[in-house]
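Morning, everyone. Let's look at how the inside of this one is packed. Here it is.

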Amino acid sequence: MSDQKQTSTAKDVFSYLLMIIMLYVGVVSFTAMIWQYINVAYPDVLNSSYGAYDIIRNAISSLVIVWPVLILVSWMIGKDMRADSERQTVRVRKWLMYLTLFIASIVVIVDLISLLNTFLNGEITIRFLLKVLTILAVAISVFSYYLWDLKRDASVKTKMTVRVAIISSTMIVLSIVGGFFLVGSPTHQRAIRMDNQRISDLQNIEYQILNHWTQKGVIPKTLLDLNDAFSGFTPPVDPITRQPYGYNLKGDHDFELCATFTKETSTEQTNRYKTAPMMYPYPEGKVAPDNWTHAAGTICFARSIDPELYRVQPPVVVEKK
């Protein structure tokens, strides 16, 4: 075999670098998605699952683009090797393949060390075990396939590459479909984003009402009373209808804020709202609402200001000289 055949061309470098990068991104995205499924299925009371849905969405976006590119580039490389079996010995291929085997080996070793260490500490849980097994299965699969690919004779026709492509693609598709069932369609996600914006607006208005109370000693009669040309604050409106939010004055210290929501509070939103601190404590005898969780439709959130906790600030007296 001549040195010319072993020399990597620009096409080889491009093809193998693209394939390996797509492989790494795809494997990381797939593993991250499975981990988040485990987090949702087996929640940890010490760690909120808030953020899991964002990771799943990012993983879906990556896999939808990355995995077809990986399959296509791998097929093109395989086609070149079938046409010229000596392309199997190009240097860039060997270097990147062995690098992949090295990384997969390190991942398996570290994964097993972590498993053994956790077992010796008596802290094995189903959540942890499933995550370890996920990494182990993915790393061993990658290691086994590319070790076989390095050793095989490219001139001999094989169905293994097609089988691996079908099996891996099927797993990717199933994981993506599962992700859509969990996080919802793009239309569903947009509706949730609009509802999140409504909650954010109501929280902002709530803070401004509290600030109005501490400055003036009264709750505003209408939301228009919160207009402040100096600070530039104007009460926000519904992001879709552009109509003002509902506001009902219930007493000297009590009021309601209302909005019309498209969806019922999802698990993702519940985690978001429950991890956010309450705007202020409630006086004795008053029941704090379940933060900002809501059903679909027009919902009002009752609020009360504790005058013992939030006292009216005395006016500033400017002495004349």
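Start with methionine 19: leaving aside its neighbours within four places in sequence, which residues is it in contact with? They are Leu70, Val73, Ser74, Ile77, Met97 and Tyr146. Contact means heavy atoms within 4.5 Å.

Two caveats. This is a predicted model, where local features need pLDDT of at least 70 and side-chain atom pairs count only at pLDDT 80 or more, while totals for chains, interfaces and linings use all residues. Residues are numbered from 1 along each chain as its sequence is written, and side-chain values use heavy atoms, with hydrogens and water left out.

Next, the core. Met19, Tyr16 and Tyr146 have the most contacts inside the largest nonpolar core, which has 34 residues. Such a core is a set of buried Ala, Val, Leu, Ile, Met, Phe, Trp, Tyr and Cys residues joined through side-chain atoms within 4.5 Å; buried is under 20% relative accessible area, with a 1.4 Å probe and protein chains only. Helix 3 gives the most to this core, 11 residues. Helices here are DSSP runs (H or I, at least four residues), numbered from the N terminus. A second, separate core has 19 residues, among them Leu202, Ile205, Phe233 and Tyr247.

The whole structure has 1 cavity of 30 Å³ or more. A cavity is a set of points on a 1 Å grid, over the protein atoms alone, where a 1.4 Å probe fits but cannot get out; lining residues have an atom within 4 Å of a point. Points join across faces, edges and corners, and volume is the space filled by probe spheres set on them. The largest cavity holds about 70 Å³. Its lining includes Tyr16 and Ile77. Helix 2 gives the most to that lining, with 4 residues.

Note on methods
1 Å grid on protein atoms, 1.4 Å probe; cavity = no way out; pocket = protein on both sides within 12 Å on 5 of 7 lines; lining within 4 Å. Helix = DSSP H or I, 4+ residues; strand = E, 2+ residues; numbered from the N terminus. Buried < 20%, exposed > 50% of the residue type's maximum accessible area, 1.4 Å probe, protein only.
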